[in-house]
Amino acid sequence: MGNQVEKLTHLNYKEVPTTDPTGMDRDEGPRIGVSYIFSNDDDDVEPQQDSVVSGLGGEQPVSQPYDPRLHEVECSVYYRDECIYQKSFSGDTVLPDEVGGGDHLATYTPENLLNRCKAGDLVEFVCQAQYPHWVVYVGDFQVVHLHRLEVVNSFLTDASQGRRGRIANQLYHYKALSPATVVRNALDQVGCKDQDLSWRNSECFAAWCRYGKREFKIGGELRIGKQPYRLQIHLGDKRSHTLEFQSLEDLIMEKRRNDQIGRTAVIQELSSHLQAADAEEDETDNKGPGARTAAE
């Protein structure tokens with residue numbers, strides 16, 4: 001295996017234990033999330049300005065521009081009862097030079113971001129069918145980020161790989177360190193690579209630089225069987241689905257996987273799981289108590 005980071009195969013939703021067969025928020029307890037032991041998000045796939053969608057009936061593929069509202073998964077993250085992260089387009093307004101929402105979820109071209117970033121800001125680059133890539137803006141058009149298992153210093157436009165981006169300071173609700181400290185945290189890690197890394201992906205690294213919390217580091221929290229973190233996935237129509245995790249880094253890996261496969265795929269995946277759970281529940285109910293006892 002060498003210095004490569006092993007990637008575990010992700011269980012689909014049907015294979016993950018659940019205490020809520022319906023999957024909806026009915027105060028019956030959330031499902032248990034997947035635990036990631038080794039992982040490395042594929043942050044380094046080739047950039048795609050537009051995704052290609054196959055047409056029906058043999059038609060030529062059509063180009064579909066990236067739209068955060070269509071492709072991104074709205075969600076909230078809780079540590080026990082405290083909301084520590086939230087992505088929601090509700091109430092956003094769209095300005096003329098913005099795409100996919102206003103305020104903190106608006107996306108911009110890399111060149112436009114250069115006029116908006118300040119030292120210590122976090123930037124999230126997004127694109128359909130790719131993991132989001134996070135960087136720390138350190139000033140002078142430069143960023144520090146985790147790229148190909150190494151912390152590197154790059155120009156913002158190079159780090160973007162042509163993707164649109166947003167300033168991501170408001171997604172996490174932790175209190176930020178001073179801009180000077182954020183920049184120093186990032187620059188001090190330049191050159192760190194392979195097995196010396198303490199972060200599993202670019203988001204964990206960037207968030208650690210800004211907030212300084214060990215929860216973003218590999219093994220930063222003990223796994224003692226409790227599930228203090230909850231990922232609430234918003235499905236629309238006031239519906240949601242909740243997963244539980246032992247650690248923040250595990251939860252971030254699942255959140256990023258959802259961002260990579262996209263909103264439509266997440267809803268389809270959950271719908272498939274929920275329908276299967278409902279069918280199993282109906283079959284058990286139809287057998288009646290005597291039948292269940294006999295089966296046992």
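**Notes on the salt bridges and nonpolar cores**

1. Let's start with R257, which is buried at a relative accessible area of 11% (buried is under 20% relative accessible area, exposed over 50%, and partly exposed in between, using a 1.4 Å probe and protein chains only). Bear in mind that this is a predicted model, where local features need pLDDT of at least 70, side-chain atom pairs count only at pLDDT 80 or more, and totals for chains, interfaces and linings use all residues. Residues are numbered from 1 along each chain as its sequence is written, and side-chain values use heavy atoms, with hydrogens and water left out.

2. What does R257 pair with? One partner is E254, in a salt bridge at 3.3 Å, N to O (a salt bridge is a side-chain nitrogen of Lys or Arg within 4 Å of a carboxyl oxygen of Asp or Glu).

3. E269 is partly exposed, its relative accessible area being 21%.

4. Have a look at K87 and E72 as well: their side chains meet in a salt bridge of 2.9 Å, N to O. K87 belongs to strand β5 (residues 82–87) and E72 to the loop between α1 (68–71) and β4 (75–79), so the pair ties together parts 15 residues apart in sequence. Both residues are buried.

5. How many salt bridges turn up in the whole structure? The search finds eleven. Shared partners join E72, K87, E124, R166 and D259 into one network.

6. Now the nonpolar side (a nonpolar core is a set of buried Ala, Val, Leu, Ile, Met, Phe, Trp, Tyr and Cys residues joined through side-chain atoms within 4.5 Å). The largest core has 44 residues, and V136, Y172, F216, L231, I233 and L248 have the most contacts inside it. Helix α5 (residues 202–211) gives the most to this core, with seven residues. A second, separate core has twelve residues, including L113, F125, Y137 and L156.

7. Finally, L231 is worth a click. Leaving aside neighbours within four places in sequence, L231 is in contact (heavy atoms within 4.5 Å) with residues including C75, V77, L243, F245, L251 and E254.

Conventions
Helix = DSSP H or I, 4+ residues; strand = E, 2+ residues; numbered from the N terminus.
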